Amino acid sequence: MKVLLLGGTAEARELARHLVGHDAVYSLAGATEKPAIPGLSTRIGGFGGVAGLVKFLRAGGFTHVIDATHPFAAQMKRNVDLAVADTAIDAIHLIRPAWELDEVARAADLDAAARTLKSGSRVLLALGSRHSETFQSRKDVAFWVRSIDEKIDQGSFTYITGKPPFSVEEEKATFQKYGIDTLVMRDSGGAEGLAKLFAARQVGLRVVVVDRPVVPQSLVVKSVQEVLQWLAAS
Ligand code: NAP
């Protein structure tokens, strides 16, 4: 058995720790400058689409792929399904459960979220800084964008540097410091990301939640434990 583990999430780091000592490679996209690397053989950077992934899997003699990328990393999920189709390689997607939220405005995607913003509002985009482009059309709105790596402010976009997780108190302090009245976040699931929602409720912000992308998926599980069971049964 040889495993390719696609990471970028806390669950992937946990799986990587379980795989230490096994024939496994941990893969990151290279999205952050200083990623946490567990004690597992690691490669960083895209594979070059489906064709590149197929080539990588064949050359490395991989038998199993664990996709533990973020719930919004839709492209990588599609690539995995296409790359392993018609091969003997087994693949599994670990996607943490979505939140069940009430009293929030839902948006089908980022474009819809941008349209729903009220003119003159002061918005925190808690989406990952790479996903803020869509909002540039809203010149009538001021944006604060949270980013792990430092970024230079541009026009109505102010960048706030910080590495999650943030506590409810830290989130409230951020909202108050910048006079935020609206929070845009994604339905990422997991306990960590909920602090901003609780904080937003406490200070009475308007909350817009972007739904998960619909992705064609083969085998999908919701927990690290289920992935380990799948591996043990293979
Ligand atoms: P994406 O749109 O699904 O993927 C874009 C491209 O990035 C993929 O086609 C692939 O490039 C490369 N890629 C993605 N994950 C990779 C991995 N683990 N190892 C090697 N290459 C990878 O994904 P994304 O939204 O850009 O996210 C990139 C990474 O950040 C993922 O690992 C994800 O888990 C993590 N992350 C994403 C979010 C988010 O909001 N989307 C949040 C937290 C963490 P090639 O086609 O060249 O192979």
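Helix 3 gives the largest share of the shell around the ligand, 4 residues. Helices (H or I, at least four residues) and strands (E, at least two) are DSSP runs, numbered from the N terminus. The model is predicted: local features need pLDDT of at least 70, side-chain atom pairs count only at pLDDT 80 or more, and totals for chains, interfaces and linings use all residues. Residues are numbered from 1 along each chain as its sequence is written, and side-chain values use heavy atoms, with hydrogens and water left out.

**Ligand shell**

In total, 23 residues surround the ligand. The closest are G7, S27, F47, M76 and R186. By class, the shell holds 8 nonpolar, 12 polar and 3 charged residues. Here Ala, Val, Leu, Ile, Met, Phe, Trp, Tyr, Cys and Pro count as nonpolar, Asp, Glu, Lys and Arg as charged, and the others, Gly among them, as polar.

| Residue | Protein atom | Distance to a ligand oxygen |
|---|---|---|
| F47 | backbone N or O | 2.7 Å |
| H70 | backbone N or O | 2.9 Å |
| A74 | polar backbone atom | 3.4 Å |

The protein covers 80% of the 790 Å² of accessible area that the ligand has on its own. Accessible areas come from the Shrake-Rupley method with a 1.4 Å probe; for residues, only the protein chains shown count as cover. Strand 2 (24-28) and helix 3 (74-84) are the elements that give two or more residues to the shell.

**Helix 2**

Helix 2 (residues 49-60) has 12 residues. From first C-alpha to last it reaches 17 Å, close to the 16 Å expected at 1.5 Å a residue. The expected span is 1.5 Å times one less than the number of residues. G52, L53, V54 and L57 of this helix are buried. Buried means under 20% relative accessible area, exposed over 50%, partly exposed in between (1.4 Å probe, protein chains only). Their cover includes strand 1 (3-6), strand 4 (64-67) and helix 3. G61 follows helix 2, with a positive phi near 65°.

H93 lies in strand 5 (residues 90-94). H93 counts as buried because its relative accessibility is 0%. Contact means heavy atoms within 4.5 Å. Leaving aside neighbours within four places in sequence, H93 is in contact with residues including D67, K77, D81 and Q217. Its C-alpha is 8.5 Å from that of V227, 134 residues apart along the chain.

K172 sits in helix 5 (residues 168-178). K172 counts as buried because its relative accessibility is 16%. The side chains of K172 and Q202 make a polar contact at 2.6 Å. Not counting residues up to four places away in sequence, K172 touches A199, Q202 and V203.

**Backbone in the loops**

The peptide bond from P164 to P165 is cis, with omega near 10°. P165 lies in the loop between strand 9 (157-161) and helix 5.

D86 is not a glycine, yet has a positive phi of about 60°. D86 is in the loop between helix 3 and strand 5. D86 is exposed, with a relative accessible area of 84%.

E103 is not a glycine either, and has a positive phi of about 60°. E103 lies in the loop between strand 5 and strand 6 (105-107). At 72% relative accessibility, E103 counts as exposed.

Technical notes: Near = heavy atom within 4 Å. Polar contact = N/O pair within 3.5 Å; in protein donor to acceptor, adjacent residues only side chain to side chain.
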